[in-house]
Amino acid sequence: MTASPRLSLPFIVPGQAQKEMIHNEALTRLDVALHASALSIGLNTPPSGPEIGECWIIGASPLAAWAGKPHFLAGWTENGWRFVQSFVGLSVCRGGQGRRGRG
């Protein structure tokens, strides 16, 4: 197994080079998923000018950078979009997160 079953967090494998990149990717996805708060639900087009830390629940027909990720949780990070696939038991609050202070 190369990833965790619920959040698909990448595992470090024996002998892997650049382990810090895999570890940091897992932490970034955890940051999106843990105590998640979404600005909106069902949006299909990524917003322009998102702030780091903001999240959305993608709609059923995603476009552009969200294509192929229906119903995923999308979080904007320093290095672009990170996605967490929904699963039974995932709780997401509606409200703001990030520097804009929306809520």
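## The hairpin of strands 4 and 5

Strand 4 and strand 5 form a hairpin in which 2 residues lie between them, strands here being DSSP runs of E with at least two residues, and helices runs of H or I with at least four, each numbered from the N terminus. This is a predicted model, in which local features need pLDDT of at least 70 and side-chain atom pairs count only at pLDDT 80 or more, while totals for chains, interfaces and linings use all residues. Residues are numbered from 1 along each chain as its sequence is written, and side-chain values use heavy atoms, with hydrogens and water left out.

Strand 5 (residues 80-84) runs antiparallel to strand 4, and 5 bridges join them; one of the pairs of bridge partners is glycine 75 with arginine 82 of strand 5.

## Strand 4 and its other neighbour

Strand 4 also pairs with strand 3 (residues 55-58), in the antiparallel sense and over 3 bridges, where two strands count as paired if DSSP finds at least two bridges between them. Tryptophan 56 has alanine 74 in strand 4 as its bridge partner. Because 4 of its 5 residues are buried, strand 4 is largely enclosed by the rest of the structure (buried means under 20% relative accessible area, with a 1.4 Å probe and protein chains only).

## The largest pocket

The lining of the largest pocket has 14 residues, and Thr28, Thr77, Glu78, Asn79 and Arg82 lie nearest its centre. Helix 1 (19-33) and strand 4 (73-77) each supply at least two residues of this lining, and helix 1 gives the most, with 6 residues. A pocket is an open set of points on a 1 Å grid over the protein atoms alone, where a 1.4 Å probe fits, with protein on both sides within 12 Å along at least five of seven lines, and lining residues have an atom within 4 Å of a point.

How values were computed. Buried < 20%, exposed > 50% of the residue type's maximum accessible area, 1.4 Å probe, protein only.
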